[in-house]
Amino acid sequence: MSAVTVFNVNGHDGIVAALQSLPATRGECVVRHFPDGESYVRVLSDVAGQHTVILCGLEYPDEKCLPLLFLSRALRERGAVSVGLVAPYLSYMRQDKRFHEGEALTSKHFARLLSDHLDWLVTIDPHLHRYHAMHEVYTIPAQALHAAPLLAGWCHTLGDAFLVGPDAESEQWVKALAEPAGLPYVIASKQRHGDRDVVISLPDTAHLVGKTPVLIDDVISSGMTMRVTLGVLRERGFTGMRVACVHALLAEGAEQGLRDAGATELVSVNTIVHGSNHIDAGALVAQAVKQQLAELQ
Ligand code: R5P
């Protein structure tokens, strides 16, 4: 196989370390913004005849997307034979239908943009809710990895706990984690009235009194879903609540909000670099990238 060079664009040191086992070398590039906000991109490594992998989380995507597309062009201009993307967090998957007439279906438009510039894509737990598979959205080979087996290992360490899924969408997750760990679970129902306005109804928890609630979701963004759920549990007398997610997007104020609402611990997978990253997805990603590169041969 041709040599492989990995460009770590925004600080995923844990995952890039695992990718070096491919084997791959680390590429050097400059990606920055001019004072007026325009992007500057320069590839410093020689990539002629090589497969290249861009490792670029796409949380807060609008400022990252243009530099990413420019980098993919620059790599090809420097002679790379392929350009793949590892986006541990893949944005724009939640606008998976037109909730209101006239809305842009951004999941599809974003997918079109990336598909036009890249040869393949690997991501972790994209928001596949109304879509069931990546090929419904992406036209390039796009692989969705699942962090559940990684979180499952953590769930085995929880002791006398019960899991809480904050909305119907989380049930698939929570059930898959709770059952192998022998933990009971409850699923709340959520009504969203706005970006930061959610109402949570929790089923009866009387049989769980004395156990520690562990709230689990794929994404924590504003944190309101978790905050309101924590509030309901606190009103019912529960304490010591723990919160876990795959993608700690954590918009401004979200982390403090979770603590104020009674969370004693926040645990996340390292798809978005954050101090709560206690679960490493590096080996999982490296395996998938190996597969994508093998398929290019
Ligand atoms: C929704 O479908 C997701 O699974 C999360 O529940 C949601 O994105 C969390 O958002 P927030 O933290 O803003 O309530």
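Q: Leaving aside neighbours within four places in sequence, which residues is tryptophan 154 in contact with?

A: This is a predicted model. In it, tryptophan 154 touches Val214, Ile216, Arg242, Ala244, Val267 and Ile279, once neighbours within four places in sequence are set aside.

Q: Which residues have the most contacts inside the largest nonpolar core?

A: They are Leu19, Leu151, Trp154, Cys155, Leu163, Ile216 and Val289, in a core of 43 residues. Domain 1 (4-146 + 281-295) and domain 2 (149-279) each supply at least three residues to this core. Another core, of 30 residues, lies apart from it; Leu58, Leu105, Ala111 and Ala144 are among its members.

Q: How do I read the sheet: is the pairing parallel or antiparallel?

A: In general, strands of a sheet pair through backbone hydrogen bonds, in either a parallel or an antiparallel way. Here the pairing is parallel, and 6 strands form an open sheet in the order E10-E9-E13-E14-E15-E16. Strand E10 (185-187) and strand E16 (277-279) are the edge strands, each pairing on one side only. From one strand to the next, the twist averages 30°.

Q: Over how many bridges do strand E14 and strand E15 pair?

A: Strand E14 (residues 241-248) and strand E15 (residues 263-269) pair over 5 bridges, in the parallel sense. Arginine 242 has glutamate 265 of E15 opposite.

Q: Which strands does helix H4 lie across?

A: Helix H4 (residues 148-155) lies across strand E9 (161-165), strand E13 (212-220), E14, E15 and E16, and runs at about 160° to E14. Helix H5 (residues 171-181) also packs on the sheet, where it touches E9, E10, E13 and E14. The direction of H5 makes about 175° with that of E10.

Key. Residues are numbered from 1 along each chain as its sequence is written. This is a predicted model: local features need pLDDT of at least 70, side-chain atom pairs count only at pLDDT 80 or more; totals for chains, interfaces and linings use all residues. Side-chain values use heavy atoms; hydrogens and water are left out. Two strands pair if DSSP finds at least two bridges between them. Helices (H or I, at least four residues) and strands (E, at least two) are DSSP runs, numbered from the N terminus. Axes are lines fitted to C-alpha atoms, for helices over the stretch in contact, and angles run from 0 to 180 degrees between N-to-C directions. Contact means heavy atoms within 4.5 Å. A nonpolar core is a set of buried Ala, Val, Leu, Ile, Met, Phe, Trp, Tyr and Cys residues joined through side-chain atoms within 4.5 Å. Buried means under 20% relative accessible area, exposed over 50%, partly exposed in between (1.4 Å probe, protein chains only). Domain bounds come from an automatic or database domain assignment.
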